[in-house]
Structures are given as structure tokens and as C-alpha cells.
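Thanks for making the time this morning.

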Amino acid sequence: MPSFTEENYLKAVYKLAEAAPGFDVSTNSIAEVLQTRPASVTDMLRRLGEKGLLHYQRYKGVSLTAEGRQLALLTIRKHRLWEVFLVQKLGFNWDEVHEVAEQMEHIDSPLLVRRLDEFLGFPRLDPHGDPIPTEDGAMLRPAHRLVADLLPGEQGPVVAVKNTSVAFLQYLDKAGLKLGSYIEVLDKVEFDNSLEVRINNTNTTMLSAEVSRNLFVAG
């Protein structure tokens, strides 16, 4: 089994590749996500390449092998299941679970993960609306649209957030926005692309372009 650090690298490469499909992942982008030095990243990528978990050539981008992808998805699966558990069963708020789940995702017990999934009722999404990989690595991606892409008159329920930082999630809490909240776009401001929206058919508020780029509605 890979070490905790190796699992974190595989997960980072997977997420970066998902964000830019068709392109190999650069050393600098991995270093930025993991907040470490590019030289340290290069050493780890070489090691993971020797283990057959990714395709690595110096000074070029990297991509996961089939085995590396499977391990990355397993780590993501455990992380998201633990987030569901923390929110649904222990009463954590959605902005409090990431760091705890970061620690719990490295528990190496397939039986525990299987029992956890069953105990939670086989959830398909985590508390932030991200899909939970199945045990065999399948990932169902529900159709959704960025709020920023909606036109006046369009509407839908919030189904996921792109930015899962504590600051952003706390902002949404203060704005009364959560998964399931219903958004209707009333107007789009040409100057800064901010949106005037109605939430849950009651409150009217303005959403900045930055906020609307990090919210998804069903669609």
C-alpha cells in the first residue's frame, strides 16, 4: 500500500487531471496544490513512477497509470464517505469536515469502508455535492451548470459547490445558501457579471461573479 503522502500525491494528480482533461499535470501545479517545493514534488513523482503508479518523465507532465488512478479514487471515496458520516451522524457543519476527513481517508481497511458505505445507505454525493466513487472506481457525474452561466429567467436548485474552502462555505451559510437552495436569476449586471438572484422564492440578493463561478445548479 502507498504511504499517506503518496496517496495525497495520487489524489492531487487525479483532481488536477480532472480539471484539465487531455493535458498532463505539471510539477508546479502539484507543488502549488500540496504547498510544497517543486524539487520535493519531482522526487516523489520519480518514486511513484518507479512503483508503476504514474507515467513520469522529467521536465514533462505526469499522468496516472490504471493502478494509480484506482488508488486515487479509493482515497477520494474514503474521504467523501467520511465527510458524509461526519455531517449526517456527528453533526459537523460542511465547512468543518475537510481536515478531519483528510486524516481518516488513509485508514487501510476495505471492510471498514464497505461497512461505512452500507451504514450511510450507499450515498452518491458528499456534503458538498461531489460524487462518491463506487468500490470498483466508477464515478457518477450528475449533470449540472454553473450559476455564472445562467441567463435571467433561468433557475434551479443548488446541487454542488466548486470551492470547498472554509471561507467560501461560511460565506454561503451567511447568505442562506446551501445544497437544495433554489436560485432564480433575475438580472445580470454587465459591468462586473454579478447576478441578482432570488433564493427559495423569497429573498433577493446579489451574487458576485466569483461566487456564481463556484456554485452549481441542476441541469
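When I say buried, I mean under 20% relative accessible area, with exposed meaning over 50% and partly exposed in between, using a 1.4 Å probe and protein chains only. This is a predicted model, in which local features need pLDDT of at least 70 and side-chain atom pairs count only at pLDDT 80 or more, while totals for chains, interfaces and linings use all residues. Residues are numbered from 1 along each chain as its sequence is written, and side-chain values use heavy atoms, with hydrogens and water left out.

At 18% relative accessibility, F85 therefore counts as buried. Rings of Phe, Tyr and Trp (its six-membered ring) pair if their centres lie within 6.5 Å, and planes under 30 degrees apart count as stacked, over 60 as edge-to-face and the rest as tilted. On that basis, a search of the whole structure finds two aromatic pairs. W82 and F85 have ring centres 5.6 Å apart and planes at 85 degrees, so this pair is edge-to-face. Both residues lie in helix α4, residues 66–90, three residues apart, where helices are DSSP runs of H or I of at least four residues, and strands are runs of E of at least two, numbered from the N terminus.

F85 also pairs with F119 in a tilted arrangement, 6.4 Å centre to centre with 50 degrees between the planes, and this pair links helix α4 to helix α6 across 34 residues. F119, at 52% relative accessibility, counts as exposed. Together, W82, F85 and F119 form one aromatic cluster.
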